[in-house]
Amino acid sequence: MKLKVNQDVCIGCGACAAICPEVFDIDDAGLAVTIVDEIDEKMKEDALDAMEGCPTGAIVEDNEEAAEDDMDLAAEDDMDLAA
Ligand code: SF4
């Protein structure tokens with residue numbers, strides 16, 4: 001499993017890094033980043049807790065299918081805004 005942080009949505013609260021420091025850290029800009037590429041079974045539970053605990057939903061699964069879904073949703077949002 002891979003996770004990534006959408007820094008456009010992250011507010012830098014630090015909750016993810018507190019819950020799961022093996023996977024998340026806060027960068028120089030004060031926003032969360034993932035510090036491992038692949039999340040193994042040992043880290044998975046804490047990583048998912050951090051994902052669910054994120055107040056802005058900034059942590060998302062990083063795979064091509066999810067990325068395409070996100071883009072579709074973003075495109076739909078744009079259309080809603082334009083309408
Ligand atoms: S919990 Fe969410 S909003 Fe807070 S630092 Fe982590 S990714 Fe950003």
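Start with the largest nonpolar core: it has 15 residues, and the members touching the most others are Cys16, Val23, Ala47, Ala50 and Ile59. Two elements, β1 and α2, each give two or more residues to this core, with α2 supplying the largest share, three residues. Keep in mind that this is a predicted model.

**Overall layout**
- You're looking at a chain with three helices and four strands, and going along the sequence they come in the order β-α-β-β-α-β-α.
- Out of 83 residues in the chain, 18% count as buried.
- Take the contacts in the chain with a separation of 6 or more: 62% of them come from residues 24 or more positions apart.

**Helix α2**
- Helix α2 covers residues 41–53, and its 13 residues should span 18 Å at 1.5 Å a residue; the end C-alpha atoms sit 19 Å apart, so the two figures agree.
- Which residues of α2 are buried? They are Ala47, Ala50 and Met51.
- Those three cover an arc of only 100° around the axis, so they end up on the same side of α2.
- As for packing partners, the buried residues of α2 pack against β1 (3–5), α1 (15–19), β2 (24–26) and β4 (59–61).

**Val23 in the core**
- Val23, one of the core members that touch the most others, has contacts with Leu3, Thr34, Ile35, Val36, Ile39, Met43, Ala47 and Ala50, leaving aside residues up to four places away in sequence.
- Two of the residues on that contact list, Ala47 and Ala50, are also among the buried residues of α2.

**Around the ligand**
- There are 14 residues around the ligand, and Cys10, Cys13, Cys16, Ala32 and Cys54 come nearest.
- By type, the shell splits into eleven nonpolar residues, three polar and no charged.
- Cys16 turns up in this nearest group and also among the core residues that touch the most other members.

**Asp8**
- Asp8 sits in the loop between β1 and α1.
- Is Asp8 buried or exposed? It counts as exposed, because it has 8 C-beta neighbours inside 10 Å, and the cut-off for exposed is 12 or fewer.
- Along the chain, Asp8 and Ala58 are 50 residues apart, yet their C-alpha atoms are separated by 7.9 Å.

Methods: Residues numbered from 1 in each chain as written. Predicted model: local features only at pLDDT ≥ 70, side-chain atom pairs only at ≥ 80, totals over all residues. Near = placed C-beta within 6 Å. Nonpolar A, V, L, I, M, F, W, Y, C, P; charged D, E, K, R; others polar. Expected span 1.5 Å × (residues − 1). Buried ≥ 20, exposed ≤ 12 C-beta atoms within 10 Å, placed from the backbone. Arc of directions from axis to C-beta. Contact = placed C-beta atoms within 7 Å. Core = buried A, V, L, I, M, F, W, Y, C linked by C-beta atoms within 7 Å.
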